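I opened this entry to keep track of what I looked up, one topic at a time. The structure goes in first, and my notes come after.

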Amino acid sequence: MVGMTRKKTFFWLCIFLLPNLLGFLTFIGAPIVSSLIISFTDWDLLGEMQFTGFENYIRLAQDPDFWVSFRNTIFFILGYIPLVLIFGLACALLLNKQMKFRAFFRATFFLPVITSWVAVSLVWKWLYNPEYGLINYALSIVGIDGPQWLSDPNTAMIGIILASAWKDIGFVMVLFLGGLQNISPSFYEAASIDGAGKARKLWNITIPLLAPTTFFVTIISLINSFQVFDQVMIMTGGGPGGSTEVMVQNIYNHAFRYFEMGYASAMSWVLFLVIFLFTWIQMKVQDRGVN
Amino acid sequence: MKKLWLLSLFFMVAIISLVGCSSEGESEEEGGDGNGTTEITYYSFSAAPDYEDVLADIVTAFEEDNPNIKVNTELAAYDDYFTKLQTRLAGGNAPDVFELNYENFVQYASKGTLADLSGFIEEDENFDPSQLNQEAFEAYQYDGKQYGMVESFSNVLTFYNKDLFDEAGVDYPTADWTWEDELAAAEKITNEENNVWGTYAPATMNEYFKIAAQNGGELFNENGEPTVDTQENLEAMNYMVDKVTESGVTPSPAEMSGQAPADLFMNGQLGIVHTGIWMFEAFKDASFEWDVALEAGNTQKAHHFFANGLAVSADTDKKEAAYKFARFMSASDQVAELRVENSWELPAVNNEEVLQPYLEQTPPENREAVFNALDTLVLPPVVENWSQINDVTDQEFEKALNGSKSTEDVIKTLQSEYENILN
């Protein structure tokens, strides 16, 4: 009898999962499998596929452009993640207090998150404009001769990092707010009785108890920032002189502009493995931290 | 767990067979629908977005002449066009007839995606290649076969702001101007305080192969092997880069700060801009007097040549109908007249009567320059991986412009990069 019900439940489970599963298999499952196969071929999108073994992967290891884009992506991540974590947490702490217009401020900080990257990039592109941009104008008022921002290979990536952080701080803030609300007030009460100050509470209660949220935020940001593309494409197109070319852009170019689907698929799989590796390391570190 | 795997396997199979079925169904449909009408699909970039109505008129005219052919048009903007085309070709769902510009034509012809039209042309009593501009017609040959029908062409000229020339007291450009003449004029016109510069030409691959030719250089030899590391090509590159870094007669990318050169010209901030004749319409409303001239050369003259043409998919089973439409777009006087009337590029026909109204329109006064430039045209290098070579070159030019790399080093990098890409 019990078995029957379970079987029945399983049947209905499958029926309800079917629409989602169909979508997943057609639009995600099948492309993933085929990209793995394509990565071992020299497919140029138009001609016949020819199996070439590990050739694409060997070429990749020796391709200086790939390593430049890899280095640029890492540079982006190193700048972007600390910024969103610190400022996202700061905003969450501020907006977790009882204050006037709290909902308004929360909404304001979240607004960039729901704005399209295309619009945000175009606006920032103008802000960064060395001749007419607001940022250099503001700097000139206080007597600073602003940098060339996106036109200078040394500052272009920094410009992209700042714009990206600005857009995503709201998202990180909301996650941290959720985390903060899960911390029981009794910890703070107990600490107050023991005479702990604000800094002490932040350091010894809030930050350790936020660890699961911080972990989640870091993983999500890391995965997203390895795939950084839209803002780079619009703000600099990889320039000047390739100084902001990132991995996904490189993949896009090879796949759709240079007729090298096989090579591009190999790059995608390497990107996947890199993300997987970083996430795995973080999970290991996290496990140790909690224990 | 095992059950779930079996289940998903089952769905996978179900999907694959579903997809299989649907594509079979489609191809059957395509075969023709019994009552003698053939439906073809035409995919175009040059009609989007400004010339949709003109194209619709052309299609109506074609369908009147050929009552048993129906043309469905599909449009995409140039930037998205080729991604979609590739995907459709790869998916075995290519449009029957589609537009290709000359630079991309070779890539598609060499990969066997285009139908050979030579047979149709030979049998066609209503068409003779002499109706078309010969250079333009032959541009769509590959391996001695005709793989496309040229429909229109355009080139790049020296556009100059007469008011700025008058103010600086400089003579207008003439057909026998050299680089030196242009530089001398540009230096007089440049006025840093007012953000006015003497001349502008992009520092990109598309410009470089032409400038090199103006100095007798060649980026690739006849066999398509890179020959960029030569004295002529270095001089050409120095000419392009020094205008920004040394004499300052051309705005740097930072000084441009995201503005298009055409905007600067319209704003009265450029004495000369090297751009395509497709800008005639946009510059019509300029607040100053302007005209065009042949481009300056150094040791010889050289002018860009851009062409659009129609190619027929190698896979379609409606090649004849598709060819008829391509021929119509390419050689029909009716289409040529519509193009001239609406300033939709320049038809590649030889019929002077049709072209007369084009020459009579002003500005610019000196429209003959468009045709004179054809005497010294230089075609883009025909090499595989053209877009990759383009990207690498543009990137290296950016480094030369911002001073992080010398032109000598850039040219060495280009030589080795080209060799890498082409192997």
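The notes below go from the chain contact to the domains, then to a helix and a sheet. I keep in mind throughout that this is a predicted model.

**Entry 1: contact between the chains**

I looked up how chain B meets chain A. On the chain B side I find 26 residues in contact, against 25 residues of chain A. I then asked which helices of chain B each supply at least two residues to that side. They are H1 (2-30), H3 (78-90), H11 (253-256) and H18 (386-401). H18(B) gives the largest share, six residues. Sorting the side of chain B that touches chain A by residue class, I get 13 polar, eight nonpolar and five charged residues.

**Entry 2: domains of chain B**

I went on to the domain assignment of chain B. Domain 1 is listed as 38-154 + 306-350, and domain 2 as 156-303 + 371-422. Over C-alpha atoms, the centres of these two domains of chain B are 31 Å apart. I note that their contact draws 10 residues from domain 1 of chain B and 12 residues from domain 2 of chain B. Which helix gives the most to the domain 1 side? Helix H4 (residues 102-110) of chain B does, with five residues. By class, the side of domain 1 of chain B that touches domain 2 holds four polar, three nonpolar and three charged residues.

**Entry 3: helix H4 of chain A**

I turned to chain A for its helix H4, residues 102-114. This helix has 13 residues and spans 19 Å from first C-alpha to last, close to the 18 Å expected at 1.5 Å a residue. I also checked where H4(A) bends: the place is A:Thr108, and the angle is about 25°. A proline, A:Pro112, follows within four residues of the bend.

**Entry 4: a sheet in chain B**

I traced an open sheet of six strands in chain B, with the order S2-S1-S3-S11-S6-S12 and mixed pairing. Why do S2 (69-75) and S12 (346-347) of chain B each have one side without a neighbour in the sheet? Both stand at the edges and have a single partner strand each, so one side of each is left without a neighbour there.

Strand S1 (residues 38-44) of chain B pairs with S2(B) in the parallel sense, over seven bridges. For B:Ile40, I find B:Val71 as the bridge partner in S2(B).

Conventions
Residues numbered from 1 in each chain as written. Chains lettered and ligands numbered in written order. Predicted model: local features only at pLDDT ≥ 70, side-chain atom pairs only at ≥ 80, totals over all residues. Contact = placed C-beta atoms within 7 Å. Nonpolar A, V, L, I, M, F, W, Y, C, P; charged D, E, K, R; others polar. Domains from an automatic or database assignment. Expected span 1.5 Å × (residues − 1). Bend = angle between axes of the 7 residues up to and from the residue. Pairing = 2+ DSSP bridges.
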